[in-house]
Amino acid sequence: MPQETLEYSSTVSTAWASDIAKVEDDDGVFAVADTLNQMATIQLGDLTNNDIGSVNSITIYASALIFPAKRVARLAVYIQNSSGTTLTQGVMDVNSTTEALFNTGALTFSGISESSINDMQILLRYLADSDPGGTTDLSVDYLYAVVDYDIPLPPPYNNNRNRLHIANGRIDLTSGRLSI
């Protein structure tokens, strides 16, 4: 199953304390949310493969940390279309330093077209932290999505070219002639 990585393309909206575009590269330069419920929405790049049969899964990856250390913050992640309709959502717990894999059953899709993937946006919301004073900064260094998909199989027989396509399995010829 082929996979393709989709990275930050543009900012749709932001209320984070620093530029959300900093999630574009894994470079140690952070986008920071310093107040609970700050939100930012980013657009991801488009798929480059035009020959997609069905989408098996979308996995969101994030490299994030919180300051001061020894705390836990919660980052809500919403997958939306460009109209702002939430397709699915989940929550990532961020510890002092986390390379977090955000992949739950709620983020696994099937039968989504390439145009739906290309229309996908990620909304990030600083949901909660373990500091009773609410002074923990949530910092995200890198955020991207990996799309796992199937390539459609060609039809078993092409009448126009007189070719038989076999993806797998066994062929038993019981009568007739086979020319190769």
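Which residues does Leu143 touch, not counting residues up to four places away in sequence? Keep that question in mind as you open the model, which is a predicted one.

**Stop 1: Leu143 and the core**

Select Leu143 and show its surroundings. Leaving out residues up to four places away in sequence, Leu143 touches Tyr8, Val23, Ile42, Ile60, Tyr61, Ala62, Ile122 and Leu124. Now widen the view to the largest nonpolar core, which has 36 residues. Leu143 is among the residues with the most contacts inside this core, together with Trp16, Ile58 and Ile122. Colour the strands next: strand 1, strand 2, strand 3, strand 4 (54-67), strand 5 (73-80), strand 6 (86-94), strand 8 (121-129) and strand 9 (137-150) each supply at least two residues of the core.

**Stop 2: Ile42**

From Leu143, move to one of its contacts, Ile42. You will find Ile42 in strand 3. Is Ile42 buried or exposed? Ile42 counts as buried, because its relative accessibility is 1% and the cut-off for buried is under 20%. Show the contacts of Ile42, again not counting residues up to four places away in sequence: they are Tyr8, Ser10, Val12, Ile20, Val23, Gln121, Ile122 and Leu143. Then draw a distance from the C-alpha of Ile42 to the C-alpha of Ser13. The two residues are 29 apart in sequence and 7.1 Å apart in space.

**Stop 3: how the strands line up**

Stay with Ser13 and look across to strand 3, where its bridge partner is Thr41. Strand 1 and strand 3 run antiparallel and are joined by five bridges. Strand 1 also pairs with strand 9 in the antiparallel sense, over five bridges.

Next, follow strand 3 to strand 8. These two strands run antiparallel as well, with five bridges joining them. Pick Met39 and you can find its bridge partner, Arg125, in strand 8. How many bridges join strand 5 to strand 8? There are eight, and the two strands run antiparallel. While you look at a strand from the side, here is a general point: in a regular strand the side chains alternate between the two faces of the sheet.

**Stop 4: a charged pair**

Select Arg74, which stands opposite Ala128 in strand 8. Arg74 forms a salt bridge with Asp93, and the closest N and O atoms are 2.6 Å apart. The count for the structure comes to one salt bridge. Arg74 sits in strand 5 and Asp93 in strand 6, so the pair links distant parts of the chain, 19 residues apart. Both ends are partly exposed: Arg74 has a relative accessible area of 35%, and Asp93 has a relative accessibility of 39%.

**Stop 5: three tyrosines**

Show the rings of Tyr61, Tyr142 and Tyr144, which form one aromatic cluster. The structure holds two aromatic pairs. In the stacked one, Tyr61 and Tyr144 lie 5.0 Å centre to centre, with 15° between the planes. This pair links distant parts of the chain: Tyr61 is in strand 4 and Tyr144 in strand 9, 83 residues apart. The pair of Tyr142 and Tyr144 is tilted, with 4.7 Å centre to centre and 35° between the planes.

**Stop 6: two loop residues**

Go to Ser18, in the loop between strand 1 (3-14) and strand 2 (31-33). Although it belongs to a loop, Ser18 is buried, with a relative accessible area of 18%. Its contacts, not counting residues up to four places away in sequence, are Phe30, Ala31 and Val32. Zoom in on Val32: its backbone nitrogen lies 2.6 Å from a polar atom of the Ser18 side chain.

Finish at Asn37, in the loop between strand 2 and strand 3 (39-44). What is the phi of Asn37? It is positive, about 70°, although Asn37 is not a glycine. Asn37 is partly exposed, with a relative accessible area of 41%.

Definitions and conventions
Residues are numbered from 1 along each chain as its sequence is written. This is a predicted model: local features need pLDDT of at least 70, side-chain atom pairs count only at pLDDT 80 or more; totals for chains, interfaces and linings use all residues. Side-chain values use heavy atoms; hydrogens and water are left out. Helices (H or I, at least four residues) and strands (E, at least two) are DSSP runs, numbered from the N terminus. Buried means under 20% relative accessible area, exposed over 50%, partly exposed in between (1.4 Å probe, protein chains only). A polar contact is a pair of N or O atoms within 3.5 Å; within protein, one must be able to donate a hydrogen and the other to accept it, and residues adjacent in sequence count only if both atoms are side-chain atoms. Contact means heavy atoms within 4.5 Å. A nonpolar core is a set of buried Ala, Val, Leu, Ile, Met, Phe, Trp, Tyr and Cys residues joined through side-chain atoms within 4.5 Å. Two strands pair if DSSP finds at least two bridges between them. A salt bridge is a side-chain nitrogen of Lys or Arg within 4 Å of a carboxyl oxygen of Asp or Glu. Rings of Phe, Tyr and Trp (its six-membered ring) pair if their centres lie within 6.5 Å; planes under 30 degrees apart count as stacked, over 60 as edge-to-face and the rest as tilted.
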